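Let's take a friendly look at the aromatic residues and the nonpolar core of this structure. Have the sequence and the 3D view ready.

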Amino acid sequence: MTTALIALGQALIGGIPKIIAAIKAGKKYEDIKLSDFVSSDAVEAVKRAIGKAESFEDKFKG
Amino acid sequence: MRKIIQSMVLVSAVSLGCASTPKGKAIQLVVASDAAADEISTGYEAYVEAKVAECDAKLDPEKNTKEDAKDCLGIASSDDGKRLLKVMESLVAVQLAIKIAVECESNPLKVPEAFRANCIDGQKADWGALAASLTSVWQELAPFFEAVRGVTGGK
């Protein structure tokens, strides 16, 4: 169990440097953004999808 | 992120022995929501494209309104897409809180100072509140997951 806990601690510390960098840059914990943690490709894919939906919606009257 | 989650599952399996506690539930929800978020982020664009094509065939810009278009798109509408981004942000925040909570209990001295306020008395975590927060986020994420699964076939 001790080994597993050490592995967890290492994984956690290794997994959050971006978040810590964001905190050091002045962001509050509550203000952490998706792009700080999730890959930019995934975020961009959702943003592209929003753009495609908006383009379609804009073909119609207000 | 997946490696972190796998480590959490490993520790939970060792230290809990069951998932009926708030902590066990929180860990289970992290795993489920993390997998769902991965699938949504890769499948949502294809889902929106399919819905746009479907609605393009159904609606006439000369006769229908923008509201009709949004209604037809449903969860693929731009409003819902923006909501998805916000839900994913919430998911990341709650997942992070849970990861910190795990560390509060396993290695509190290594919790970064900025996050120490998340540890009760320096080393306990409010697992009930964390599980409730994640359940709430999961409920918002679920409709997107179900919609995208129809396109990706659960891949």
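In this predicted model, one aromatic cluster is formed by Tyr44(B), Tyr47(B) and Phe144(B). Over all chains, the count of aromatic pairs comes to three.

How are the rings of Tyr44(B) and Phe144(B) arranged? Their centres are 6.0 Å apart and their planes stand at 65°, which is over the 60 degrees needed, so the pair counts as edge-to-face. Tyr44(B) belongs to helix H2 of chain B and Phe144(B) to helix H5 of chain B, so this pair ties together parts that lie 100 residues apart in sequence.

Are these two partners buried or exposed? Both values fall under the 20% limit, so each residue counts as buried:

| Residue | Relative accessible area | State |
|---|---|---|
| Tyr44(B) | 1% | buried |
| Phe144(B) | 0% | buried |

Tyr44(B) also turns up in the largest nonpolar core, which has 46 residues. Together with Leu84(B), Ile98(B), Trp127(B) and Leu141(B), Tyr44(B) touches the most other members of that core.

Which helices supply at least two residues each to this core? From chain A there is helix H3 (40-57), and from chain B there are helix H2 (22-58), helix H3 (66-73), helix H4 (78-106) and helix H5 (127-152). The largest share, twelve residues, comes from H2(B).

Do look for another core as well, which lies apart from the largest one and has five residues. Among them are Leu96(B), Ile100(B), Val111(B) and Cys119(B).

Conventions. Residues are numbered from 1 along each chain as its sequence is written. Chains are lettered from A and ligands numbered from 1 in the order in which they are written. This is a predicted model: local features need pLDDT of at least 70, side-chain atom pairs count only at pLDDT 80 or more; totals for chains, interfaces and linings use all residues. Side-chain values use heavy atoms; hydrogens and water are left out. A nonpolar core is a set of buried Ala, Val, Leu, Ile, Met, Phe, Trp, Tyr and Cys residues joined through side-chain atoms within 4.5 Å. Buried means under 20% relative accessible area, exposed over 50%, partly exposed in between (1.4 Å probe, protein chains only). Helices (H or I, at least four residues) and strands (E, at least two) are DSSP runs, numbered from the N terminus. Rings of Phe, Tyr and Trp (its six-membered ring) pair if their centres lie within 6.5 Å; planes under 30 degrees apart count as stacked, over 60 as edge-to-face and the rest as tilted.
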